[in-house]
Amino acid sequence: SRSRAEVGERAEALRSARRATASAVCGEVAAHLSDLGLGSARVEIDLEEIGPGSNGFDRPVLRFASDSRLDPGPVGSVASGGELSRLVLALRLATRSESTTTLVFDEVDTGIGGSTALAMGRKLRALSKGGQVLCVTHLAQVAAYADTHYVVERADSGVASVRKVIDEARVTEISRMLAGQPESEAGQTAAAELLALATS
């Protein structure tokens with residue numbers, strides 16, 4: 001009938017738009033993942049056919065492989081915690097979803113350091129411009145890019161406390177994160193340089 005033909009045409013137009021968008025998003029996600037230390041990762045968005053519905057005849061399925069020599073599989077089955085966090089960060093940056101007001105990242109810095117950690121800090125800061133980003137990190141390079149820095153400490157009794165660090169206290173904390181020696185003059189200098197880099 002005419003109605004079925006029209007539904008089919010619109011579903012095909014939606015499928016074509018999804019294919020084009022998936023290709024563009026995957027390319028941008030791959031570039032972000034490369035900056036985040038996953039340069040050989042593969043990301044694919046497949047369109048899985050389903051019955052006709054209000055969202056068309058197919059649905060997007062995200063597939064991931066941490067190495068280009070591997071076949072991408074379902075993200076939930078193949079990505080580690082750190083890889084998943086970085087993938088979510090890359091996807092959020094690539095799609096710039098305006099509907100999300102708060103994002104929480106934990107273990108996003110697993111297995112990275114140096115220039116990759118700096119890149120992650122920059123990307124998290126860029127993502128925070130459209131909403132609120134909460135990030136639990138042990139890396140000074142990531143923490144330095146935060147607008148607000150909190151330290152979580154656990155007492156011998158097992159009770160945790162949270163305190164905000166600013167100004168010199170923040171320099172001391174970044175120094176501790178860098179070298180484990182918060183009062184070291186060299187550590188303080190490195191921490192101040194890192195904070196200056198992050199805010200420039």
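This is a predicted model: local features need pLDDT of at least 70, side-chain atom pairs count only at pLDDT 80 or more; totals for chains, interfaces and linings use all residues.

User: Understood. How many disulfides does the structure hold?

Analyst: The structure holds 0 disulfides.

User: And C26, is that buried or exposed?

Analyst: C26 counts as buried, because its relative accessible area of 13% falls under 20%.

User: What about C135?

Analyst: C135 is partly exposed, at a relative accessible area of 28%.

User: Let us turn to charges. How many salt bridges are there?

Analyst: There are 12 salt bridges in the structure.

User: Which residue does R42 pair with?

Analyst: R42 forms a salt bridge with E44 through their side chains, with 2.9 Å from N to O. R42 is partly exposed at 26% relative accessibility, and E44 is partly exposed at 27%.

User: Which residue meets R69 in a salt bridge?

Analyst: That residue is D67, and the N to O distance is 2.7 Å.

User: How accessible are R69 and D67?

Analyst: R69 is exposed, with 72% relative accessibility. D67, on the other hand, is buried, with a relative accessible area of 17%.

User: What is the partner of E153?

Analyst: The side chain of E153 meets that of R163 in a salt bridge of 3.1 Å, N to O. This pair links distant parts of the chain: E153 belongs to strand β6 (residues 149–154) and R163 to strand β7 (residues 160–165), and the two residues are 10 apart.

User: How accessible are E153 and R163?

Analyst: E153 is partly exposed, with a relative accessible area of 34%. R163 is also partly exposed, at 36% relative accessibility.

User: Which residues are joined into a network by salt bridges that share partners?

Analyst: E12, R15, R18 and D58 are joined into one network in that way.

User: New topic, helices. At what angle do α6 and α7 pack?

Analyst: Helix α6 (residues 167–179) packs with helix α7 (residues 185–199) at an angle of about 110 degrees, and their axes are 8 Å apart. The two helices are therefore roughly perpendicular, since angles from 65 to 115 degrees count as such.

User: Which residues make that contact?

Analyst: On the α6 side they are E168, R170, V171, T172, I174, S175 and L178. On the α7 side they are G187, Q188, A190, A191, A192, L194 and L195.

User: What is the make-up of the contact by class?

Analyst: The contact of α6 with α7 has 8 nonpolar, 4 polar and 2 charged residues.

User: Staying with α6, is E173 buried or exposed?

Analyst: E173, which lies in helix α6, is buried, with 7% relative accessibility.

User: What does E173 touch?

Analyst: Setting aside neighbours within four places in sequence, E173 is in contact with H149, V151, R163 and V165. R163 is also the salt-bridge partner of E153.

User: And E185, where is that?

Analyst: E185 is in helix α7. At 68% relative accessibility, E185 counts as exposed.

User: How far apart are E185 and R163?

Analyst: E185 and R163 are 22 residues apart in sequence and 23 Å apart in space, taken from C-alpha to C-alpha.

User: Where is Q141 placed, and is Q141 buried or exposed?

Analyst: Q141 is in helix α5 (residues 140–143). Q141 is buried, because its relative accessible area is 18% and the cut-off for buried is under 20%.

User: Which residues does Q141 touch?

Analyst: Not counting residues up to four places away in sequence, Q141 touches G114, A117, L118, G121 and L194. L194 of α7 is also among the residues in the contact with α6.

User: One last residue. Where is E107?

Analyst: E107 is in the loop between β4 (102–106) and α4 (114–128). E107 is partly exposed, with a relative accessible area of 44%.

User: What is in contact with E107, and how far is E107 from V29?

Analyst: E107 touches G81, G82, S85 and V136, residues up to four places away in sequence not being counted. E107 and V29 are 78 residues apart in sequence and 19 Å apart in space, C-alpha to C-alpha.

How values were computed:
Residues are numbered from 1 along each chain as its sequence is written. Side-chain values use heavy atoms; hydrogens and water are left out. A disulfide is a pair of cysteine sulfur atoms within 2.5 Å. Buried means under 20% relative accessible area, exposed over 50%, partly exposed in between (1.4 Å probe, protein chains only). A salt bridge is a side-chain nitrogen of Lys or Arg within 4 Å of a carboxyl oxygen of Asp or Glu. Helices (H or I, at least four residues) and strands (E, at least two) are DSSP runs, numbered from the N terminus. Axes are lines fitted to C-alpha atoms, for helices over the stretch in contact, and angles run from 0 to 180 degrees between N-to-C directions. Angles under 35 degrees count as roughly parallel, over 145 as roughly antiparallel, 65 to 115 as roughly perpendicular and the rest as oblique. Contact means heavy atoms within 4.5 Å. Ala, Val, Leu, Ile, Met, Phe, Trp, Tyr, Cys and Pro count as nonpolar, Asp, Glu, Lys and Arg as charged, and the others, Gly among them, as polar.
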